[in-house]
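Please look over the sequence and the model shown here before reading the briefing, which is grouped by topic.

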Amino acid sequence: MRKIVRRVVPTVAAIAVVALTLSLGNWQTRRAQEKQLLQQQREAADRSAPARVPPVLLADADVQALEGRRASVTGELLADRSVYIDNRTHGGIAGFHLVTPIKIAGSGGQGARPVHVLVLRGWIARDPHERTRLPVAPAPAGPVTVTGIAQRELAQALELAASAPPGPEQRIWQNLTVAGYRRWSGLDLQPMLIRQTEPARGPEGDFDDGLVRDWPRPGLDVDKHRGYAFQWYALAAATAALWIWFVVWRPLRRRAGAAGRGN
């Protein structure tokens, strides 16, 4: 009975460890494949001409087709409707992500309400002495063309508790969603936003707003996931090898040695 227990317990434990580590290794492998696909899609998008955001509200299927692609929109940036997304860092410096709506050119004719789209314009440092002081970010006047990557929503920072809806004059937000900004502003918004990657271009050329647009590129950490997968697979192989040594090989050697001494 004791011999059976000595074999069953480590066998069950080894099966559990191998199953878990193989599962984690497979998950990391899938994550690497997903991020590699995102990287390939982004590279293909960079080579393609930007899609134009139309002056009419897009259906969900149209937004899905645009997501991750280069997109451009022409219109007027409404700087007085900008909001600053807090707790965003760049190079270890605290700052904000600046989001501004743009009124799409050609919308709002014949009594219709104008259509807007949110633009994630870039990063700007906060005042190190006065946390609530809004930094100045110039915006071009008149019609401009903004080009970037279309996405449904901004990445959300972790919040320990749900934030109250921002007040009418509140410009510093912890997080932003398109639906939340629509309720706050009362504007008709495309169900997406543009993460700006190039300077806004007006009649006089590119406009330098001083914002940082060093966005992380998808797929940069593919090798990290592959490394994690290798570690999990190696742990599974080591567990199997230890099980073979202690549960199979050593008892066989002991029995062979005992049989030899008996002869």
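In which strand is the place of Thr100? Thr100 sits in strand S4, residues 93–104, where helices (H or I, at least four residues) and strands (E, at least two) are DSSP runs, numbered from the N terminus. This is a predicted model, in which local features need pLDDT of at least 70 and side-chain atom pairs count only at pLDDT 80 or more, while totals for chains, interfaces and linings use all residues. Residues are numbered from 1 along each chain as its sequence is written, and side-chain values use heavy atoms, with hydrogens and water left out.

- Not counting residues up to four places away in sequence, Thr100 touches residues including Leu77, Leu78, Val117 and Val119, where contact means heavy atoms within 4.5 Å.

**Pairing of strand S3**

- Strand S3 (residues 83–90) pairs with S4 in the antiparallel sense over six bridges, and two strands count as paired if DSSP finds at least two bridges between them.
- Arg88 stands opposite Gly95 in S4, and the hairpin formed by S3 and S4 has two residues between the strands, with Gly91 in the turn showing a positive phi of about 60°.
- S3 also runs parallel to strand S7 (residues 172–173), to which two bridges join it, and Tyr84 stands opposite Ile172 in S7.

**Thr132 in a loop**

- Thr132 lies in the loop between strand S5 (115–125) and strand S6 (144–151), and is exposed, with a relative accessible area of 53%.
- A polar contact of 2.8 Å links the side chains of Thr132 and Glu130, while the C-alpha atoms of Thr132 and Arg171, 39 residues apart along the chain, are separated by 9.5 Å.

**Asp206 in strand S10**

- Asp206 belongs to strand S10 (residues 205–207) and, with a relative accessible area of 47%, is partly exposed.
- Asp206 touches Pro199, Ala200 and Arg201, not counting residues up to four places away in sequence, and its side chain makes a polar contact of 2.8 Å with that of Arg201.

Methods. Buried < 20%, exposed > 50% of the residue type's maximum accessible area, 1.4 Å probe, protein only. Polar contact = N/O pair within 3.5 Å; in protein donor to acceptor, adjacent residues only side chain to side chain.
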